Amino acid sequence: MTDSSPLTYKQAGVDIDAGNALVDKIKPLAKSTFRPGVASDLGGFGGLFDLKACGYEDPVLVSGTDGVGTKLLLAQEANHHTTIGIDLVAMCVNDVLAQGAEPLFFLDYFATGKLETDAAADVVSGIAEGCRQSGCALIGGETAEMPSMYAPGHYDLAGFVVGAVERKDILPKLDDMTAGDALVAIGSSGPHSNGYSLIRKIVERSGLALSDDAPFAPGTKLGEALLTPTRLYVASVLPLIKSGQIKGLAHITGGGVTENLPRMLPDTLVPERDGDDFTPPPVFGWMQEVGQVEEAEMWRTFNMGIGMILAVSPENADEVISALKASGESAFLYGHLVNA
C-alpha cells in the first residue's frame, strides 16, 4: 500500500533546524575575524566589503580558490576536525600572496550528506583561526546538506579568497629579475595539503593505524602528525612585499619545488640550487623509505619542507632571511637564478 502521509524535508534527509543551529555557532567565529572593510553581517545573501576603507590607491583584485584534497579523509578517519579549516584558508591565501596580494575576505563551502553540527562547527573554527592568522575576514559561506551524496561522517570543503595589491606591487616582477638574484626558501610545517593520496597509500603500506605513534615524531600520534596544518605566510611575507624587496614568490604546493618554482620566473632564467645545506624534515624521509618513492618523485609530489621560495636581489638576501627569522619562520638561502 502506498504511503500517502505528508513528507517533510527532514524525512528526505535535510535538517533545516540543524543548519540554523550551525549558523548560530558560526556567527561569533566570523565576527572574530573582523577587519577594516567588512560591511555586512553573516546571514545575508552575499558578503559586502568596502575596498576604499582599506586605503588602497590603485588596487588590483586577486582571487583564489582551493580545497585540501584527500587530507580530508585523514581528518575524518581520525575524527579530528579542528585544524583542517586552517589548511583550507592557507591553501587559498598563500596563493594570492604569491601574486603580492593582501588577503581581504574569505568564503567557504561545506558539503555533507548529513549535517553533524559539532563537527561542522569545529571545521569552521579552524577556518576562522586561519583567517585571523592571515588578517582575512570570514564574511560568508555555504553549508549544503545533500543526502546520499557522501558516505556517513564524510564532508567536502572548498574555499574562496579575494585579496588586493597595489598595481605597482604585483608579483612576479619578471622584468626586474636578473641572473644572480637570490632564491630564499621558507620552511613548511610538513606536507601541508598536497600529496595526501600518496601519503594514504604509504600509511596503508606501513601497517600503522592513525592512533599509533608516528615513527618520525616521537610522542605524537601518526594521524595528528600528518594533520599538522598548512603554514600561513601572510604575516611574515606581506611586509617584505610591501617594502619592495621581493621580485617573485612561489607557493610550493602540488607539483613541489620542481613544478612551482618555474611558475614565477621568466623564460630567460632558471633556478640553480646552491644554497645552505638543507635536509627535509623527518616525515619526508619516513614516507620515502616506507613507500620506496624515488627522489625525483618526492620532489615533484611534496614540498619537501619548503613552503615558499622568494626571489630577491642578492644584496637583500641576508636582510630578508633575518626578517623572516625574526617573524618566526625558518628561512635559508636555496640558490640563485642563472640564464636559461
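Student: Is M304 buried or exposed, and what is its relative accessible area?

Tutor: This is a predicted model, in which local features need pLDDT of at least 70 and side-chain atom pairs count only at pLDDT 80 or more, while totals for chains, interfaces and linings use all residues. Residues are numbered from 1 along each chain as its sequence is written, and side-chain values use heavy atoms, with hydrogens and water left out. Buried means under 20% relative accessible area, exposed over 50% and partly exposed in between, with a 1.4 Å probe and protein chains only. M304 therefore counts as buried, its relative accessible area being 2%.

Student: Where does M304 lie, and what is its phi?

Tutor: Helices (H or I, at least four residues) and strands (E, at least two) are DSSP runs, numbered from the N terminus. M304 is placed in the loop between α10 (295–301) and β10 (306–312). Although M304 is not a glycine, its phi is positive, at about 60°.

Student: Which loop holds S148, and is S148 buried or exposed?

Tutor: S148 is another residue that is not a glycine and yet has a positive phi, of about 80°. The loop that holds S148 runs between β3 and β4. With a relative accessible area of 77%, S148 is exposed.

Student: Which residues touch the most other members of the largest nonpolar core?

Tutor: A nonpolar core is a set of buried Ala, Val, Leu, Ile, Met, Phe, Trp, Tyr and Cys residues joined through side-chain atoms within 4.5 Å. The largest such core has 94 residues, and its largest share, 9 residues, is contributed by helix α3 (residues 84–97). Apart from this core lies another of 9 residues, including V38 and A137. In the largest core, the residues that touch the most other members are F106, I306, I309 and L310.

Student: Which residues does N94 touch beyond those up to four places away in sequence?

Tutor: N94 is found in helix α3, and its relative accessibility of 0% means that N94 counts as buried. Contact here means heavy atoms within 4.5 Å. Beyond the residues up to four places away in sequence, N94 touches T230, R231, L232, Y233, H251 and M308.

Student: How are α1 and α4 oriented to each other?

Tutor: Axes are lines fitted to C-alpha atoms, for helices over the stretch in contact, and angles run from 0 to 180 degrees between N-to-C directions. Helix α1 (residues 16–31) and helix α4 (residues 117–134) pack with axes 10 Å apart at an angle of about 25°. Angles under 35 degrees count as roughly parallel, over 145 as roughly antiparallel, 65 to 115 as roughly perpendicular and the rest as oblique. The two helices, α1 and α4, are therefore roughly parallel.

Student: How are α7 and α11 oriented to each other?

Tutor: Helix α7 (residues 234–242) and helix α11 (residues 317–326) have axes 9 Å apart, at an angle of about 150°. Where they meet, S236, V237 and L240 come from α7, and V320, A323 and L324 from α11. The angle is why α7 and α11 count as roughly antiparallel.

Student: How far apart in space are E142 and F110?

Tutor: E142 sits in strand β3 (residues 137–145), and its relative accessible area of 44% makes E142 partly exposed. Leaving aside neighbours within four places in sequence, E142 is in contact with D108, Y109 and F110. Although E142 and F110 are 32 residues apart in sequence, their C-alpha to C-alpha distance is 6.2 Å.
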